[in-house]
Amino acid sequence: MIKSVLASFLLATSAVRASPALTERSLDTASNNDPFAITQSARNPRARAAEIEVKRKGWQYSEYPMGVAYYPTGTLANKTIAKDGESWLPPILEIQGHIDEEGPKALENIKAKGGLNKLEDYVNLYDGQWEHAFPDGPFPGMLTNFTDDRLFSMMRLSASPYRIKRVKPSDNLLFDVKEAKSITGLTLQQLKQQGRLFLEDFTEMKELDPTDKFGAGCQSYFYIHPKSGDFLPLAIRPVVKNRENAALVYTPKDEPTDWMLAKLIMNQNDGWHATWAHITQSHSAAEAPYLAAIRTLSEDHPVMKIIHRGKFLPDRSSGASPR
Ligand SMILES: *[C@@H]1O[C@H](CO)[C@@H](O)[C@H](O)[C@H]1NC(C)=O
Ligand SMILES: *[C@@H]1O[C@H](CO)[C@@H](O)[C@H](O)[C@H]1NC(C)=O
Ligand SMILES: [Fe+2]
């Protein structure tokens, strides 16, 4: 973005640059290997203030598409947005083209293999499919180890690790897990006392407006196994609004399909959380100060050099962005 911002300045500030102040400044800059300076050390405060004023006019606040932080608008902002779009949009459109072409083929492949009747059939969704749309396929182990509890717990650490917290010895337990000792060798209290117990709590999701399907917000305990050291799920408690007292606790001791169902509900919670956390924890946290910095700091300020470094680069491995 820095190049296009500077290019925009050159156009937008051409009138100001003709003033004696800016001529002095460009002379100063030309004789210095490091053009970055904090405000107090600016060699030409007047030119610097003029530059910021131009940016302030060209970078305005508008709505945010997702309603969290403001999105930039204005002559300079629009130029930068259009310029950035030239790099991130074509790869996305290209992948979309592959999806449109390969989607019907994948559907035919599933039909030819008898449809989706059992869990293992879902592997056919990817087996030999999506050659260009999704060349690397799902992440390693997904098509072979999808019943493995370690795959489930590693997904938690990969998707939204900040939602997992260690249960402190002084914390109250949210629910009991009678099978804890037979699963882990330690009681729930002992796991807690030894710092081996972890909680991921998505119960706030039971408050979301329901559709005609059932949804649940899950509370899940994880633990570090005393012998193997593996990080594993211990219990999942899906909670439905107004039916809290009827909530069941699922553990690996349940029927495999029941335990898998509990893991699926929990996984769905995490997916919903990750979508919105992506907006609030990544986009808003980065974009709000970024826009404020553009509007208040000179491009010569060293902080701008650091901030511009995070410029968006297309990255196929990160998948489609909600934006
Ligand atoms: C910037 O782009 C937005 C969105 O397309 C548009 O509404 C606005 O009028 C543009 N502003 C300028 C100054 O070009
Ligand atoms: C799948 O599980 C097996 C058996 O535990 C393990 O050896 C293998 O590394 C796992 N595969 C991946 C890709 O994680
Ligand atoms: Fe994004």
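Student: Ground rule first: helices (H or I, at least four residues) and strands (E, at least two) are DSSP runs, numbered from the N terminus. How many helices and strands are there in the protein chain?

Tutor: The chain has 10 helices and 6 strands. This is a predicted model, in which local features need pLDDT of at least 70 and side-chain atom pairs count only at pLDDT 80 or more, while totals for chains, interfaces and linings use all residues. Residues are numbered from 1 along each chain as its sequence is written, chains are lettered from A and ligands numbered from 1 in the order in which they are written, and side-chain values use heavy atoms, with hydrogens and water left out.

Student: What share of the residues count as buried?

Tutor: 37% of the 323 residues. Buried means under 20% relative accessible area, exposed over 50%, and partly exposed in between (1.4 Å probe, protein chains only).

Student: Which strand does E5 pair with over 5 bridges?

Tutor: Strand E4, residues 197-201, in the antiparallel sense. Two strands pair if DSSP finds at least two bridges between them. Leu197 has Tyr223 in E5 as its bridge partner.

Student: How many bridges join E5 to E6?

Tutor: 8 bridges, and the two run antiparallel; E6 is residues 231-239. Ile236 in E6 stands opposite Ser220.

Student: What does Gly229 do in that hairpin?

Tutor: Gly229 takes a positive phi near 75 degrees, and the E5-E6 hairpin has 6 residues between its strands.

Student: Which residue other than glycine has a positive phi near 65 degrees?

Tutor: Asn242. Asn242 sits in the loop between E6 and H9. At 68% relative accessibility, Asn242 counts as exposed.

Student: Trp130 next. What is its phi?

Tutor: Positive, about 55 degrees, although Trp130 is not a glycine. Trp130 lies in the loop between H5 and H6.

Student: What is Ile99 in contact with, leaving aside its neighbours within four places?

Tutor: Pro104, Trp130 and Ala133. Contact means heavy atoms within 4.5 Å. Ile99 belongs to helix H5, residues 75-112. Ile99 counts as partly exposed because its relative accessibility is 35%.

Student: How many residues apart are Ile99 and His132 in sequence?

Tutor: 33 in sequence, and 8.1 Å apart in space, C-alpha to C-alpha.

Student: Is Glu299 buried or exposed?

Tutor: Buried, because its relative accessible area is 4%. Glu299 is in the loop between helix H9 (256-296) and helix H10 (302-308).

Student: What does its side chain make a polar contact with?

Tutor: The side chain of His308, at 2.8 Å. A polar contact is a pair of N or O atoms within 3.5 Å; within protein, one must be able to donate a hydrogen and the other to accept it, and residues adjacent in sequence count only if both atoms are side-chain atoms.

Student: Ligands now. Which residues surround ligand 1?

Tutor: Thr73, Gly74, Thr75 and Asn78. A residue is near a molecule or strand if one of its heavy atoms lies within 4 Å of it. A polar side-chain atom of Asn78 lies 2.3 Å from an oxygen atom of ligand 1. Taken alone, ligand 1 exposes 360 Å², and the protein buries 30% of that.

Student: And which surround ligand 2?

Tutor: Pro140, Gly141, Asn145 and Arg150. From an oxygen atom of ligand 2 to an N or O atom in the side chain of Asn145 is 2.3 Å. For the side chain of Arg150 the distance is 3.0 Å. The protein covers 35% of the 360 Å² of accessible area that ligand 2 has on its own.

Student: How do the residues of the shell around ligand 2 divide?

Tutor: Into 1 nonpolar, 2 polar and 1 charged. Ala, Val, Leu, Ile, Met, Phe, Trp, Tyr, Cys and Pro count as nonpolar, Asp, Glu, Lys and Arg as charged, and the others, Gly among them, as polar. The shell around ligand 1 has no nonpolar, 4 polar and no charged residues.

Notes. Accessible areas come from the Shrake-Rupley method with a 1.4 Å probe; for residues, only the protein chains shown count as cover.
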